[in-house]
Amino acid sequence: MKKVLSSALLVVAVVAVVLLSEANLSNAVTCSPMELSSCLSAISSSSPPSQTCCAKLKQQTPCLCGYLKNPSLKPYVSSPGARKVASSCGVPLPSC
C-alpha cells in the first residue's frame with residue numbers, strides 16, 4: 001500500500017512540474033521590436049502614447065536590454081522620445 005501511495009504522489013509531483021513548466025513557457029515573451037510599432041508616432045512626436053503602445057511596451061519590457069545592446073535598435077530605444085513614452089506608460093527603462 002505504501003508503494004502505491006508513494007508512486008501516486010510521485011506521479012502527481014511530476015504532473016505538477018510539467019504543468020508549471022508549460023505555464024511558464026506560455027508566459028514567455030517573444031522579443032520582437034516590431035511589436036512596438038504602435039509607439040512610433042508617440043516616440044517621434046509630442047503625442048501621448050496609445051493604450052496599445054503602453055500595453056506592448058509593458059509586454060516587451062523583458063526585451064529592452066537586448067534592444068539596447070543591439071546597435072541598430074539602441075538609438076531608438078534610448079532616444080529622448082522613447083524615454084518619454086516609457087515614462088508615460090509607467091515602464092522604467094532598464095540600466096543594462
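**View 1. Cys65 and Cys96 are joined by a disulfide, with 1.9 Å between their sulfur atoms.** A disulfide here is a pair of cysteine sulfur atoms within 2.5 Å. Cys65 belongs to helix α4 and Cys96 to the segment after α6, so the bond ties together parts that are 31 residues apart in sequence. The torsion about the S-S bond of Cys65 and Cys96 is about -85 degrees, so this disulfide is left-handed. Cys65 is partly exposed at 26% relative accessibility, while Cys96 is exposed at 52%. Buried means under 20% relative accessible area, exposed over 50%, and partly exposed in between (1.4 Å probe, protein chains only). The model is predicted: local features need pLDDT of at least 70, side-chain atom pairs count only at pLDDT 80 or more, and totals for chains, interfaces and linings use all residues. Residues are numbered from 1 along each chain as its sequence is written, and side-chain values use heavy atoms, with hydrogens and water left out.

**View 2. Helix α3 spans residues 51-60 and has buried residues Cys53, Cys54, Leu57 and Gln60.** Down the axis of α3, these buried residues fall within an arc of 135 degrees, so they line one face of the helix. The arc is taken from the directions from the helix axis to the C-beta atoms. An α-helix has 3.6 residues a turn, so residues three or four places apart point the same way. The buried residues of α3 pack against α4 (64-69) and α6 (80-89); contact means heavy atoms within 4.5 Å. Helices (H or I, at least four residues) are DSSP runs, numbered from the N terminus.

**View 3. Cys39 and Cys53 form a disulfide with their sulfur atoms 2.0 Å apart.** Cys39 sits in the loop between α1 (2-26) and α2 (40-44), and Cys53 in helix α3, so the pair ties together parts 14 residues apart in sequence. The link of Cys39 and Cys53 is right-handed, with 110 degrees about the S-S bond. Both Cys39 and Cys53 are buried.

**View 4. A disulfide connects Cys54 to Cys89, S to S 2.0 Å.** Cys54 lies in helix α3 and Cys89 in helix α6, so the bond ties together parts that are 35 residues apart in sequence. The link of Cys54 and Cys89 is left-handed, at -75 degrees about the S-S bond. Cys54 is buried, with a relative accessible area of 14%. Cys89 is also buried, at 6%.

**View 5. The count comes to four disulfides.** With the bonded cysteines of the protein chain numbered in sequence order, the pairing reads 1-5, 2-3, 4-7, 6-8.

Key
Helix = DSSP H or I, 4+ residues; strand = E, 2+ residues; numbered from the N terminus.
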